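Hello,

Here is the structure I promised to hand over. My notes follow it.

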Amino acid sequence: MGLGECLIGAAELRNVTQVIRSQTLFRYYGVGNAPHPNSFASRVERAGEAMHGVPYALGVSSGTAALEVALGALGVGPGDEVILPVWSWVSCFTAIVRVGGQPVLAEVDETLNLDPKEIERLTTPRTRGVLVVHYQGVPADLDPILRAAKKRGLWVLEDNAESLGTTYKGRRVGSLGDIAICSFQQRKVVTTGEGGMVLTRSPKLYERAVRMSDLGLYRQEHQARAPLKEPMFPGSNFRMGELTAAVALAQLARVDPMVKKVRALREVLLREMGDLPGVTWRRIPDPSGDIGFESYLFMPKAEQARAVRARAGERGITLTPHTGTYAQTAREYVKNRSTHAGARGPFQHFQDWPAPGYRPEDFPRTHDLAERLIAIPIGVLFRKSEVARIGRVLREEIRRELG
Ligand SMILES: Cc1ncc(COP(=O)(O)O)c(C=O)c1O
């Protein structure tokens, strides 16, 4: 469930109206080629930087585009391996394939994020980096992940598409790895329908990200922020337009109040549910920093989770994740190792397919967790009484199931 979508209102309208009145919908210039001195795109980038405490943000056209831009900035290409959690969104895998790299799938742990121990198990001489996904409002356990990556000379790309506004030990998620991405798609914490952002501390990665997103160009506006140093290379067009940026600027300002509200509602939920012996809650590596818009618990057995979900469903409460995320091994592109270039993809060197590392049975822990999970939704406009009812219904159904 998106949070920001419920709050689209006067501020978004005011900004969009300003863009329309200006007749300048492109970030770099407007009518008659007049340069744009203070575009919404650059303003939202400054807001993203201030929010995350990083020197460089770049607005792009989607979270998927942001992933391709970040991977391109990091120089991922044919022969390079990138470790990512098997429990992750489509784009996490496909963006790596699109830049020619080979996704290497890893188990998640009870955080539903990458198990840090997997980095040691999966690193080979071809591994370049780790794509960490902060799944549904909860930060991954970044300390051990960053340690394991650094020890092996790997970069860390944080996918913060689903967790804008979370912190890890007092610092914003998205500011801790080498580079990070956000998404502003409809279902995300804030939305512009389509949109995304890349964040980094590195002037080199910033310049390369700009070039990836803007045809290989590095325009004056960006040169003024980080001097031109890198050679040009063919980029794509993943630029953010002014209408998107206008909405994004208004939405970003909503993040912190929204998180505060949702966290308070989650307290109501937890109070109402009380102690439930037998269930295990999703482990939150830093409980002071998650958002809480989708709280997860695990039932002891899969059939118990199915029964609770079914009965709560009959009482009007949906307890399945709202992301459409499931294990990558079940996606058609993994099952068929398909790519836009037919068989000439990063998996051609495997004789048999699915090869070890791409089969459901290679991820017993992730599959077990996925079968036993219950996802409890909290929307930003939910009333306390609604959340309390969800908590009550769940407590009843879980107790009934566990006897
Ligand atoms: C974890 C994750 N990464 C990347 C994306 C891609 O974002 P977008 O939909 O903006 O392309 C999404 C959302 O769809 C996501 O959930």
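Start with Cys 6. Its relative accessible area is 35%, so Cys 6 is partly exposed (buried is under 20%, exposed over 50%, partly exposed in between, with a 1.4 Å probe and protein chains only). Cys 6 is in no disulfide; a disulfide here is a pair of cysteine sulfur atoms within 2.5 Å. The nearest cysteine sulfur to that of Cys 6 belongs to Cys 182, 19 Å away. Cys 92 is in no disulfide either, and its nearest cysteine sulfur, again that of Cys 182, is 13 Å away. Cys 92 is buried, at 2% relative accessible area. The disulfide count is zero.

A word on the source: this is a predicted model, where local features need pLDDT of at least 70 and side-chain atom pairs count only at pLDDT 80 or more, while totals for chains, interfaces and linings use all residues. Residues are numbered from 1 along each chain as its sequence is written, and side-chain values use heavy atoms, with hydrogens and water left out.

Next, the largest pocket. It holds about 400 Å³ of space. The pocket is an open set of points on a 1 Å grid over the protein atoms alone, where a 1.4 Å probe fits, with protein on both sides within 12 Å along at least five of seven lines; lining residues have an atom within 4 Å of a point. Points are joined across faces, edges and corners, and the volume is the space filled by probe spheres set on them.

The lining has 24 residues, with Trp 89, Glu 162, Ser 183, Gln 185 and Lys 188 nearest the centre. Elements giving two or more residues are α3 (63–73), α4 (90–98) and β9 (179–183). Of these, α3 gives the most, with three residues. Helices (H or I, at least four residues) and strands (E, at least two) are DSSP runs, numbered from the N terminus.

Where does the largest pocket lie? Domain 1 (4–254) and domain 2 (256–325 + 364–402) both contribute to its lining, so it lies between them. The domain bounds come from an automatic or database assignment.

Two local points remain. In helix α2 (residues 40–52), the buried residues include Phe 40, Val 44, Gly 48 and Met 51. Just after α2, Gly 53 has a positive phi of about 65 degrees.

Trp 281 sits in strand β11 (residues 280–281). Trp 281 is partly exposed, at 30% relative accessibility. Its C-alpha lies 9.5 Å from that of Ile 374, 93 residues apart along the chain.

Best wishes
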